[in-house]
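Notebook open, model loaded. I'm jotting down what I looked up, entry by entry.

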Amino acid sequence: MYDYLIVGAGLFGAIFAHEAKKAGKKCLVIDKRNHIGGNVYTEEVEGINVHKYGAHIFHTSNKEVWDYMNSFVEFNRYTNSPVARYKDELYNLPFNMNTFHGLWGVNTPEEAKAKIEEQKKEALGNLEGEPKNVREQAISLIGKDIYEKLIEGYTEKQWGKRATELPAFIIKRLPVRFTFDNNYFNDKYQGIPEGGYTKIIEKMLEGSDVWLSEDFFAKREEYTSMAKKVVFTGMIDEFYNYKFGELEYRSLRFETETLDMENYQGNAVVNYTEYEVPYTRIIEHKHFEFKTDGKTVITKEYPATWKKGDEPYYPMNDDKNNELFAKYKELADKEENIIFGGRLGEYKYYDMHQVVARALEVVNAEIGK
């Protein structure tokens, strides 16, 4: 008999298992994939740590979270400075003075602000009230040119809907800077784990039993009977057999190839912002760890509409889905022996640092009992 059955060997499940084991608890961790790590899984190809399920750049301003992750492996000094490509034009992200100079030829923050204000009035007039959709929100923050070249197509590909149909909150935190700073994140701490994320998960899972290629729903009763409590990190609506209907998710598809060249694009992440280009970005993995020689590995990332049976990557947190989730959460809150966690279990768009903080909060509250 285990103290905890943990469904999902990703970041949330691995942290829960690690902390529970430290407290003397016995854990069984199962995952339907044939590897640990969930979406942060990295595998070595040609000496390069490949982010199998998209770019994962760890960033946080929470020193406790940063120190916790660095207690497993050391992180390098990688700083996320993506480049946006629109047709044959290249621009720095986040939107900053380099972007504004490349687009409009302006040299000072004052000139850039004046240009944005001019375009905002031209496109939206005297907009009354809060922006109602992504188009209005983006133009009000950054002007018409940047919206049309660098936001509209990318966002519509990412979410599978037109910008005028998407809620404004999706880009509430659009990073806009009137400095020549290409660092995408404002957080104090940032980097990539040396040796890849899989190393971290391996260390977290030491001392727990781990079974891979195991589908919880195929033998649900058997698995549940093996532990006093279940920690579930899968889709909450699937757990309840879609009782109130399906929640919406977005999925992703990845095309990865090894190229016989040293350097393909000169940057770890290049976003393709035209709607007509089907992928949203190309990731060149070697640049996450400053490798300069040998071959290179690139991944094209294609957003996809999720349907039952597909891999869900992130929730669609609009009003309709949040209302539906509230019904599932009401059931979850009544459970005495089930703990839900992570992006899918809590139907919330967590970044990695938020998953770490939340997992520690949940396990500490649980073990504290």
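Predicted model: local features only at pLDDT ≥ 70, side-chain atom pairs only at ≥ 80, totals over all residues.

Residues are numbered from 1 along each chain as its sequence is written, and side-chain values use heavy atoms, with hydrogens and water left out.

**Entry: Ala357**

I started with Ala357, which lies in helix α12. Helices (H or I, at least four residues) and strands (E, at least two) are DSSP runs, numbered from the N terminus. At 31% relative accessibility, Ala357 is partly exposed. I also looked up Asn62: it is 295 residues from Ala357 in sequence, but their C-alpha atoms are 8.7 Å apart.

**Entry: the second largest pocket**

α12 came up again here, giving the most to the lining of the second largest pocket, with five residues. A pocket is found on a 1 Å grid over the protein atoms alone, as an open set of points where a 1.4 Å probe fits, with protein on both sides within 12 Å along at least five of seven lines; lining residues have an atom within 4 Å of a point. I noted a volume of about 480 Å³, which is the space filled by probe spheres set on the points, joined across faces, edges and corners. Of the 21 lining residues, Asp333, Ile339, Phe340, Arg358 and Val362 are the closest to the centre. Two or more residues each come from α10 (319-333), β16 (338-340) and α12 (352-368). The lining divides into nine nonpolar, one polar and 11 charged residues. Here Ala, Val, Leu, Ile, Met, Phe, Trp, Tyr, Cys and Pro count as nonpolar, Asp, Glu, Lys and Arg as charged, and the others, Gly among them, as polar.

**Entry: aromatic rings**

How many aromatic pairs does a search of the whole structure find? I got 33. Rings of Phe, Tyr and Trp (its six-membered ring) pair if their centres lie within 6.5 Å; planes under 30 degrees apart are stacked, over 60 edge-to-face, and the rest tilted. Phe216 and Tyr223 are stacked, at 6.4 Å centre to centre with 20° between the planes. Phe216 is buried at 4% relative accessible area, and Tyr223 is buried at 1%. Phe254 and Tyr313 have ring centres 5.8 Å apart and planes at 75°, so I logged them as edge-to-face. That pair spans 59 residues, from Phe254 in strand β11 (residues 249-259) to Tyr313 in the loop between β14 (296-305) and β15 (314-315). Both Phe254 and Tyr313 are buried. I also found a cluster linked by ring pairs, including Phe216, Tyr223, Tyr328 and Phe340.

Most residues other than glycine have a negative phi, and most peptide bonds are trans. Leu93 and Pro94 are joined by a cis peptide bond, with omega about 0°. Pro94 sits in the loop between β7 (89-92) and α3 (97-104). Ser213, not a glycine, has a positive phi of about 55°, and I placed Ser213 in the loop between β9 (209-212) and α8 (220-224). Phe290 has a positive phi too, near 60°. Phe290 lies in the loop between β13 and β14 and is partly exposed at 38% relative accessibility.

Notes: Buried < 20%, exposed > 50% of the residue type's maximum accessible area, 1.4 Å probe, protein only.
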